[in-house]
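Morning, everyone. Please look at the structure on the screen while I walk you through it.

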Amino acid sequence: MAEAMLSRLLANGYGANQVIVSARSPERQAYLHSTYGVTVASNSDVAAAHTVILAVKPQVFSEIESELADSSVVQHPGTVLSIMAGIPSARLRRLFPQRLTFRAMPNTPAQVGAGVIALATDSAATEAEVVAVKELLSVLGEVVVLRENQMDAVTALSGSGPAFIALIVEALCDAGVAVGLSRSLTQTLVYGTIAGTVKLLDEREIHPAQLKDAVTSPAGTTIAGIEVLETAGVRGTLIQTVKAAYQRAQALN
Ligand SMILES: NC(=O)c1ccc[n+]([C@@H]2O[C@H](COP(=O)([O-])OP(=O)(O)OC[C@H]3O[C@@H](n4cnc5c(N)ncnc54)[C@H](OP(=O)(O)O)[C@@H]3O)[C@@H](O)[C@H]2O)c1
């Protein structure tokens, strides 16, 4: 996700000379410099920037805390934006007491600029400071502002969501093959049907039940399929799925 953010920033008008990055392994450092032309520096140099983006794995963050704790750079003013799952902003604020702290949770479609990014803002931030962080994150997709205590729910819904959707997409593709279509034709039909349905619901602001009713003719094919979905308890299963992910996110905090 760190690399996705870097590449999307550079593809969206930010200059390589505006960004400095750090990484642990020399191979990764060389790769980041040669691929993106950005300056690779120490964690301490990165922490001195006006806007610091924290994108290491959550379990690595304690190493960063120990490394920077006694350094004067943590006293610099500015903004710190964390995309690390499960690290509360109070902990970020302890390390960077002079900075505004923002927490964001992107999801994997962010790699192609089609993510949804939940953003918990710092209550001390001005409107302009919030806009600046939203602008930064908008290279990854649509930014939604919410409260920090909603982050576990976001992790379960839009964070884990791409895996749930991918599983459903895969199953529908198998279903197309099962009724005699080629794998590639099936893929085109399934991707298009999902993307088109979401676009229609969104642009026309239709309730999902209205769209379902419009497609379902008396004694027709669609209602025959819907009966199977309802008998299998698909609605309840999806609700249970997200609740299980939510409980797991809470347990990991
Ligand atoms: N992947 C997702 O879909 C997703 C979604 C939402 C949020 N996130 C969050 O994004 C963060 C990054 O996840 P990821 O999957 O992108 O991890 P990743 O691919 O491992 O990237 C982490 C980067 O941090 C660097 N790093 C590791 N230890 C370091 C250290 N001590 N000092 C400086 N840099 C160090 C790594 O460099 P080396 O390779 O050299 O170790 C690597 O470039 C996580 O906190 C995760 O919770 C991810």
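First, a term: helices (H or I, at least four residues) and strands (E, at least two) are DSSP runs, numbered from the N terminus. This is a predicted model: local features need pLDDT of at least 70, side-chain atom pairs count only at pLDDT 80 or more, and totals for chains, interfaces and linings use all residues. Residues are numbered from 1 along each chain as its sequence is written.

Now the protein chain. It has 12 helices and 7 strands. Its C-alpha trace spans about 75 × 40 × 30 Å along the principal axes.

How is the chain divided? Into domain 1 (2-147) and domain 2 (161-252), with bounds from an automatic or database domain assignment. Their centres, taken over C-alpha atoms, are 35 Å apart.

Next, residues 148-251. An unreviewed UniProt entry annotates them as "domain: Pyrroline-5-carboxylate reductase dimerisation". UniProt positions are given in the numbering used here, feature names are shortened, and annotations may be inferred rather than shown by experiment. This span is 83% helix and 0% strand. Its end C-alpha atoms lie 16 Å apart.

On to the ligand. How many residues surround it? The number is 23, and the closest are Arg-24, Ser-25, Arg-28, Met-84 and Ala-85. Near here means a C-beta atom, placed from the backbone, within 6 Å.

Last, burial. Of the 253 residues in the protein chain, 21% count as buried. Buried means that 20 or more other C-beta atoms lie within 10 Å of the residue's own, with C-beta atoms placed from the backbone.

Notes:
Buried ≥ 20, exposed ≤ 12 C-beta atoms within 10 Å, placed from the backbone.
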